[in-house]
Structure formats: C-alpha cells, structure tokens
Amino acid sequence: MKRIFQFLLKGLAVLLPIIVTIMLARWLLVTVETWLSPIWKALLGESYYFPGLAFASFLLLAVLIGFTSQWSFLQSIWQLPGKLMNKLPLLRNLYGTINDVFDMMQGKDFADESVVLVTMPGSKMQLIGIVTKRSDKKAKDKNDKLVNIMPDDHVAVFLPMAYNVGGYMIMVPKDCVQSIDMKPADALQLTISAGLGKSQGNFKSDDND
C-alpha cells in the first residue's frame with residue numbers, strides 16, 4: 001500500500017504541472033478567441049473565419065507593437081492606456097503591481113550584479129534576493145520615496161518566497177549582500193521552486209566590493 005501511495009505521488013508530480021500548464025494555455029486561448037473572434041467574423045463573415053485566427057492575430061499584434069515600440073513616438077502612444085490606468089483609483093494599484101511583476105520577470109531596470117546572496121545580520125543564514133534600489137547620496141531621486149528613507153550604506157533587496165507569488169522587501173547594509181552571476185528571472189525561478197527544479201544551472205558568487 002505504501003508503494004502504491006508513492007507511485008501515486010510520483011504520478012501526480014508528473015501530471016499536475018502538465019494539467020496546470022494546459023489549463024492556463026486553454027484559458028488564454030479561450031479569452032482571446034472570445035474577445036477577437038466577433039471582430040474577425042464581422043470583417044470576413046462566418047464562412048471565412050476559422051478557429052485560431054483570433055489568437056494568431058493577437059500574437060501578430062503583440063509582435064507588431066513590440067517592434068514599433070522602438071520608436072519613441074509610437075512607444076508614447078502604446079503607453080497611453082497604461083498611463084490612463086495609472087490615474088484610475090480602482091485600477092492603479094492592480095495595474096501597477098502586474099506591470100512591475102512583468103518588468104521584474106524580464107529583468108527590466110535591473111542593473112548588473114542585481115542578484116545577490118543576503119547574509120542576515122547577526123546570522124549565518126543566506127537568502128537569494130534581487131537588489132531593487134541602491135542608496136547613493138549623489139544619485140538620489142527626490143521622487144523616489146524608498147531611496148530617500150534608506151541610509152546611505154544600505155540597499156533594498158526583494159526576497160521571493162518559495163511556492164508563493166510574493167516575497168519580502170528588506171533594507172540591509174551593503175556589506176550583507178554578495179553578488180551572484182545570475183539573471184533576475186533565473187533567481188525568481190530558483191527561489192519560487194525552492195531549489196527543487198531540475199533546470200537550474202550552477203552560478204558563481206563574487207565577494208561584494
């Protein structure tokens with residue numbers, strides 16, 4: 001009976017990630033088809049429309065927007081909806097949080113050596129984190145509230161949580177962090193999976209200057 005239970009757990013470990021991935025992909029496909037298919041049916045007619053056309057056009061639109069955003073004029077146009085949502089009381093926090101998460105996953109606005117090992121003060125425990133802000137008198141931005149409340153010898157570090165979409169933002173002295181040769185997206189994957197994933201590669205750590 002014990003072996004059967006072990007086989008069950010192994011089988012679930014194989015099947016559940018596949019099922020969750022398929023369900024998320026299905027949700028995205030259905031959502032895009034539901035929104036865009038009426039437009040294509042109105043343009044082409046029912047007889048010429050085929051399933052998948054709406055999703056293919058969505059991907060093409062995403063590529064087109066990404067390509068044209070390299071020009072500042074068009075980029076300012078694509079940013080208008082986001083700027084509008086940032087001014088709406090109910091949507092501002094939600095949109096801002098989702099946008100920040102996507103930026104973080106892309107490694108956007110992260111400087112080199114942003115992934116660090118944090119040695120907790122008064123402890124030998126080390127955590128993997130991502131430096132989000134660095135305190136510097138010469139480079140302080142008056143509009144950046146976090147930088148302005150940080151002591152000059154501190155850095156702000158985001159500590160992702162395992163098996164959870166969340167984490168902690170802590171401020172620690174600079175001598176408590178040690179740079180790691182790792183991309184922010186890889187660090188997030190490593191910590192969120194609690195290091196159990198099989199795709200994580202080796203990384204190098206360098207002493208902080």
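This is a predicted model: local features need pLDDT of at least 70, side-chain atom pairs count only at pLDDT 80 or more; totals for chains, interfaces and linings use all residues.
User: Two strands pair if DSSP finds at least two bridges between them. With that settled, in which sense do strand 2 and strand 3 pair?

Analyst: They pair in the antiparallel sense, over four bridges. Strand 3 covers residues 154-160. Strands here are DSSP runs of E with at least two residues, and helices are runs of H or I with at least four, both numbered from the N terminus.

User: OK, the overview. How many helices and strands are in the protein chain?

Analyst: Seven helices and five strands. Along the sequence the pattern runs α-α-α-α-α-β-β-α-β-β-β-α.

User: And how much of the chain is buried?

Analyst: Of the 209 residues, 24% count as buried. Buried means under 20% relative accessible area, exposed means over 50%, and partly exposed is in between (1.4 Å probe, protein chains only).

User: What does the accessible surface come to?

Analyst: About 15,900 Å² for the protein chain. Carbon and sulfur atoms hold 65% of that. The areas come from the Shrake-Rupley method with a 1.4 Å probe, and for residues only the protein chains shown count as cover.

User: What share of the contacts joins residues 24 or more positions apart?

Analyst: 42% of the contacts with a separation of 6 or more. Contact means heavy atoms within 4.5 Å.

User: How many bridges link strand 1 and strand 2?

Analyst: Five, in the antiparallel sense, with strand 2 at residues 126-134. Val118 has Leu127 as its bridge partner. Leu117 is bridged to Ile128.

User: What do strand 1 and strand 2 form?

Analyst: A hairpin, with six residues between the two strands. Gly122 sits in the turn and has a positive phi of about 75°.

User: How many bridges does strand 1 make with strand 5?

Analyst: Three, again antiparallel, with strand 5 at residues 177-179. There, Leu117 stands opposite Gln178.

User: Where is Ile180?

Analyst: In the loop between strand 5 and helix 7 (184-192). Ile180 is buried because its relative accessible area is 3%. Ile180 and Gly129 are 51 residues apart in sequence and 9.6 Å apart in space, C-alpha to C-alpha.

User: And Leu190, buried or exposed?

Analyst: Buried, at 15% relative accessible area. Leu190 belongs to helix 7. From Pro160 it is 30 residues away in sequence and 9.5 Å away in space, C-alpha to C-alpha.

User: New topic. Which residues make the nonpolar surface patch?

Analyst: Phe5, Leu8, Leu9, Leu12, Val14, Leu15, Leu16, Ile18, Ile19, Ile22 and Met23. The patch has an area of about 1,000 Å². Patch residues have over 30% relative accessible area and no salt bridge; like charges are joined within 9 Å, and nonpolar side chains (Val, Leu, Ile, Met, Phe, Trp, Tyr) within 5 Å. A salt bridge is a side-chain nitrogen of Lys or Arg within 4 Å of a carboxyl oxygen of Asp or Glu.

User: Take Leu15. Which helix is it in?

Analyst: Helix 1, residues 2-44. Leu15 counts as partly exposed because its relative accessibility is 48%.

User: Ser37, then. What does its side chain reach?

Analyst: The backbone oxygen of Glu33, at 2.4 Å. Ser37 also lies in helix 1. At a relative accessible area of 11%, Ser37 is buried. Leaving aside neighbours within four places in sequence, Ser37 is in contact with Val32, Tyr49 and Ala54.

User: Last one. What joins the side chains of Thr68 and Trp78?

Analyst: A polar contact of 3.0 Å. That term means a pair of N or O atoms within 3.5 Å; within protein, one must be able to donate a hydrogen and the other to accept it, and residues adjacent in sequence count only if both atoms are side-chain atoms. Thr68 is in helix 2, residues 53-68. Thr68 counts as buried, at 11% relative accessibility.

Conventions
Residues are numbered from 1 along each chain as its sequence is written. Side-chain values use heavy atoms; hydrogens and water are left out.
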